[in-house]
Amino acid sequence: MESTYVDVDKNKFNHVGKNKDKMEVISRPSLNYWQDGWRRLKKNRIAFIGLIIIAIYIILAVFGPKMVSYDYTTTDASSTNLGISSKHWFGTDKLGRDMWVRVWMGARVSLTIGFTAAVINAFIGVLIGGISGYYSGIIDMLIMRIIDVLYGIPYIIVAILVMMVLGSGMKALIIAMVIVGWIGMARFIRGEVLRLKEQDFVLAAKLLGVSEFKIIYRHMIPNVIGLIITTLTMAVPGYIFSEAFLSYIGLGIQPPDCSWGSLAKIGAQTFRLYPYQLFIPAFFVCTTMLALNLLGDGLRDALDPKLRGQEK
Amino acid sequence: MAKYLLRRLLISMLTILVLITAVWILVRFLPGDPFTSDKLSPEIKENMMRYYGFDKPLTTQYITYLKNLLHGDLGYSLNYKNLTVARILKDSFPYSADLGVRALLFAISTGLFLGIVAALNRSRFLDYFCIIIAIIGCSVPDFIIGSLLQYVFGVKLKLLPVAQWQGFKYTILPSIALGFYTLAYVSRVMRASMLEVVSQDYIKTASSKGLSDVQVVFKHQIRNAILPVITVLGPIVAAILTGTFVIESIYTIPGMGKYYVSGVQTLDYTLILGSTIFYGVLLVIANTMVDMAYGIIDPRIRVYKK
Amino acid sequence: MKKNTVLGMLLVVIMILSLVGCGGGNQAPADNAAQEDATPSEKVLTYSVLTDMPTLDQSLVNSVASMTLTSQIQEGLVRLHDGKVIPGIAKEWEVSEDGLVYIFHLRDAKWSDGVNVTAYDFEYAIKRLVDPATASPYSFIAEPVKNAMKVNSGELGIEETGVKALDEKTLEITLEIPAPYFLGMLNMPHFYGVRKDLVEKYGQDFAADPDKNVYCGPFVLEEWKHEDRLILVKNQNFWDKDKVNLDKVNVIVVPDPNTALSMFENGDLDFVDVPPNLVEQYMDKAQLYYDGADDFLKLNMDGKNPLKNKNLRLAVNYSIDREDYINITTNGLYDAGTRYVLPVVAGVDKKYGEEYPYEAFPLKADVNTAKEYLDKAVAELGVSSPQDIKLELLTTDTDNSRIQAEVLQDQIQRNLDIIVNIKQVPYKQRLQMETNHEFQMVFSGWAPDYDDPHTYLCLWTTNSPYNQISYSSDKYDELMDFSSTCRDPRERMDALFEAEKVLLEDGAVVPLQMRRVAWLMDPKVKGLVKSYVGPREDYIYADIQE
């Protein structure tokens with residue numbers, strides 16, 4: 001057999017030597033976690049669609065009611081339960097009020113409440129759940145038992161009591177939604193933290209002397225952020241309908257003010273005859289959640305450290 | 001293990017006691033009283049309050065209640081005047097339990113399935129299909145789904161019965177309606193969790209060791225991904241239990257949800273306390289089982305070891 | 001490979017789902033099944049109720065459903081059937097000259113366990129009703145009976161109650177006032193006989209189950225699955241049993257009116273009330289009946305309330321367009337309330353509304369008149385413009401209440417330019433706020449206990465415990481007192497009518513609607529009666545004819 005070696009003349013190569021400076025050069029800018037996340041998010045087109053949808057809804061919520069000549073409280077016996085038409089883009093409701101205006105007035109309430117409640121609850125939940133999971137032991141046990149008690153009290157009792165103490169404004173409504181709303185997230189995060197605590201990278205960080213706060217902030221949270229976002233987006237419709245239920249017992253907004261949740265609740269009474277009165281608000285709640293999900297997925301993909309480098 | 005259980009038992013009993021006390025006190029702050037109705041005059045109401053012992057000092061009433069409770073006496077309902085609370089709960093719980101278990105099994109099995117399928121077919125048609133179902137399930141509340149299913153399948157298509165609980169086909173629509181939200185929730189969590197696990201090192205290891213995809217998925221991926229789902233199992237069971245009211249109302253099922261809600265509306269103190277205790281005990285049991293299951297599935301976590 | 005994974009999991013899921021599928025359902029067998037079991041000649045009536053009866057103890061019943069059903073399984077001294085008082089257990093009776101003493105002669109009748117029905121059962125029942133130890137929520141119904149209220153408050157011993165069994169077949173009742181409507185009141189279950197021996201045997205469990213009570217009415221309660229169904233069968237011991245045609249009655253508890261309608265359309269129910277939201281679709285097929293309820297706004301005249309001003313109250317009354325209100329909120333189902341007393345209650349010879357027609361406020365809003373009153377009110381209240389007047393409308397936390405309130409709010413605000421805020425609260429809280437006079441306008445109503453205008457008008461005397469608006473009119477009190485003691489029916493009815501006029505001319509309430517219900521019935525059912533007072537549905541003489 002012939003040798004497979006190719007004979008290459010040594011003189012064709014120049015010895016460059018080691019360039020110590022160049023070896024240490026950083027080839028791309030050093031990004032911290034959040035900057036990196038934002039960069040990755042921008043590239044995600046599907047998430048962008050979600051963002052656009054939400055933006056459109058917000059714009060319509062602000063300007064929508066002004067686009068027609070009707071107002072949201074005037075009842076009109078001659079125009080009740082009219083379907084979609086060029087005069088009434090979303091039809092009219094049982095009282096003859098224009099639905100387009102009501103849907104967008106309702107959007108203001110639902111979007112605000114939905115997001116605010118979800119974010120506050122997520123914040124509290126992560127905080128308490130994280131503490132409970134990380135420190136475990138007696139603290140964990142105490143917190144979990146308090147959660148058991150809080151959860152066991154029938155919610156409507158809590159809501160009525162909040163209303164008695166705080167009256168019926170928006171502040172009272174948010175407090176009523178927050179007072180037990182964080183429990184789901186807390187339990188969830190606690191479970192995750194318990195699991196992550198045993199992972200090797202945490203052990204490694206501890207051995208390296210990283211402070212506890214930094215461990216939580218820089219190591220644990222990025223790992224749970226995917227699940228936080230998923231849970232958060234799924235909770236928003238729940239809050240929207242919670243608000244409807246609470247306004248009935250006197251908390252939060254009172255009639256004639258409306259929200260997507262209360263519109264859907266009333267629409268459910270008559271959907272056999274006038275399905276649009278139910279489907280229109282329900283549609284917007286669904287699509288808001290869809291948009292949030294797309295955005296949330298994008299956020300999660302962007303912020304998950306393990307998916308770095310895999311963006312499309 | 002036995003020591004752990006015993007300790008959990010004691011703590012649980014203490015928790016329930018705190019819960020009972022909290023609810024006992026809180027209901028008395030609610031506006032109104034158990035007897036007032038449109039036609040009841042204030043004098044007659046005073047007579048009734050005296051008869052039921054509500055004019056006695058609060059501590060006396062509380063101690064009486066606890067003493068009775070220790071004997072297993074939950075008292076008579078204030079609204080259903082001839083029925084004991086225990087009997088009301090005993091008669092109605094089997095229906096709720098039946099409905100709840102079916103809904104739970106349906107939701108969890110289908111939810112896990114959808115979540116896994118979605119994760120394995122990421123960004124393809126099946127994934128989007130599952131996502132849409134999940135979104136509808138999470139954003140449409142149970143009363144809408146319940147009414148819609150009943151109308152479409154019961155009234156219009158006449159495929160399934162409209163109401164009541166008298167045989168297998170009666171259980172289909174209510175179970176689906178009750179479980180739909182949980183199905184969506186579980187599928188989302190499972191999908192997210194599967195995607196997160198797939199990037200873990202041990203998956204790469206298993207794969208490169210030469211294990212087939214099926215083995216990787218079943219032996220490693222699913223088992224790890226299922227953990228977050230188990231974490232939320234507690235709240236899920238709770239949500240289903242307390243969510244039976246709406247479905248029972250639409251489908252005319254004589255379950256316990258109604259008493260839980262109507263108790264507060266009619267300020268039926270004994271019924272509120274009785275059903276709270278009942279649900280509280282159930283939840284504690286569910287949580288304990290979840291914690292134990294957690295430890296079993298992931299050997300790295302033993303909750304009871306410090 | 002992925003396909004195998006998916007297929008594998010699909011198998012697992014199907015296995016679990018079939019687990020879910022096996023068995024299932026432990027409720028009582030379906031009505032259809034029952035009808036299949038029934039012999040072809042058995043006449044079975046099936047209908048539904050919105051809520052189960054909290055209790056069927058005659059002295060404690062507190063809801064329309066309980067009272068209706070009790071009247072079908074029990075029999076009182078008299079019975080109110082189709083608007084007329086007919087003899088029940090009492091075959092005849094006499095009333096004293098002064099209208100205060102009634103003597104009833106009982107016929108031979110048996111309880112379902114074979115024991116005779118005696119006057120002692122009725123004496124015991126009425127005493128039990130007012131006994132404070134029974135804590136009956138309906139004890140007020142015995143008010144016309146001598147000393148009843150004093151016994152109930154503990155002032156007098158129970159022996160002082162004005163009822164006495166003279167012997168097994170004779171009962172004497174003494175009244176406080178010669179109320180002409182008292183005879184009709186005896187149709188209420190609270191005046192039915194109660195078996196003392198059974199109450200003593202079962203204590204608080206009395207009537208909790210069918211076997212813990214006995215029945216002397218047209219039907220016997222055979223089965224009661226709480227929150228599910230009740231089954232009645234013909235009472236073979238009933239004194240008038242030959243006139244009873246039905247063999248069996250199934251009462252199913254269906255909380256959702258839409259579900260009930262679907263069941264009726266499937267043939268599972270023999271009659272059903274149409275849910276108000278769907279009434280338009282069924283107007284041509286449905287019958288209508290008044291259910292007796294009369295809804296109105298109560299206007300609080302306490303203290304510093306702007307509604308203390310009569311002109312403001314009248315302004316509000318004229319600013320409401322009742323026709324629009326009825327069309328929007330009820331699709332024209334309810335009757336607009338242009339007066340206070342339900343016109344179909346009994347007058348002297350004919351209906352009250354026929355003998356005394358009256359339109360206190362117009363059907364359409366009269367904005368000019370409203371503004372006139374408003375201007376006067378603004379001046380008297382010392383505010384600079386109508387916008388300074390803020391009124392709160394209190395109502396309950398239901399979908400319907402919300403819609404009603406929104407319409408009223410919109411009308412009042414637009415026509416008067418004042419500000420109206422809505423406050424929705426849970427039912428019990430609303431009641432408490434009313435008791436404490438913590439409201440300005442509240443959406444309220446009243447259902448009749450007996451067939452006479454007095455049942456609606458008695459609420460507004462100065463001392464009435466139900467007068468939560470601090471309405472006090474000497475003229476009104478005079479007229480009501482006069483009517484309570486007047487022996488001439490025509491004079492008495494005239495006085496009641498005058499009182500109604502005084503009330504509305506003072507604008508004390510804002511009448512809104514008289515409720516009507518649309519209902520559908522299978523044509524094979526005959527002789528079923530619906531009524532605005534007494535039992536809601538009465539089928540003791542009903543029949544099924546294919």
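1. Pro256(A) sits in the loop between helix H10 (212-248) and helix H11 (260-267) of chain A; helices are DSSP runs of H or I with at least four residues, strands are runs of E with at least two, and both are numbered from the N terminus. The peptide bond that leads from Pro255(A) to Pro256(A) is cis, with omega near 5°.

2. On conventions: this is a predicted model, in which local features need pLDDT of at least 70 and side-chain atom pairs count only at pLDDT 80 or more, while totals for chains, interfaces and linings use all residues. Residues are numbered from 1 along each chain as its sequence is written, chains are lettered from A and ligands numbered from 1 in the order in which they are written, and side-chain values use heavy atoms, with hydrogens and water left out.

3. Chain B contains 12 helices and 0 strands. Its C-alpha atoms fill a box of roughly 80 × 60 × 30 Å along the principal axes. In the loop between H6 and H7 of chain B lies Lys158(B), a residue other than glycine whose phi is positive, near 55°.

4. The interface of chain B and chain C brings 64 residues of chain B into contact (heavy atoms within 4.5 Å) with 68 residues of chain C. About 5700 Å² is buried between these two chains, and carbon and sulfur atoms give 58% of that area; buried area is the accessible area (1.4 Å probe) that two parts lose on being put together, summed over both. Asp38(B), Lys39(B) and Asn82(B) supply 14% of the area that chain B buries against chain C, more than any other three residues.

5. Lys39(B) also forms a salt bridge with Asp449(C), in which the closest N and O atoms are 3.1 Å apart. The rule (a side-chain nitrogen of Lys or Arg within 4 Å of a carboxyl oxygen of Asp or Glu) finds 4 salt bridges across the interface of chain B and chain C. There are 21 residue pairs in polar contact between chain B and chain C, both residues at pLDDT 80 or more; a polar contact is a pair of N or O atoms within 3.5 Å, where within protein one must be able to donate a hydrogen and the other to accept it, and residues adjacent in sequence count only if both atoms are side-chain atoms. Of the side of chain B that touches chain C, the largest share, 14 residues, comes from H4(B).

6. Towards chain A, 59 residues of chain B are in contact with 48 residues of chain A. The area buried between chain B and chain A is about 4900 Å², with 70% from carbon and sulfur atoms. This interface has 0 salt bridges and 1 residue pair in polar contact, both at pLDDT 80 or more.

7. The largest pocket has a lining of 35 residues, and Glu143(C), His454(C), Cys458(C), Ser464(C) and Pro465(C) lie nearest its centre. A pocket here is an open set of points on a 1 Å grid over the protein atoms alone, where a 1.4 Å probe fits, with protein on both sides within 12 Å along at least five of seven lines; lining residues have an atom within 4 Å of a point. The volume of the largest pocket is about 1000 Å³, taken as the space filled by probe spheres set on the points, which are joined across faces, edges and corners. H2 of chain B and helix H5 (148-152), helix H16 (454-457) and helix H17 (474-485) of chain C each supply at least two residues of the lining.
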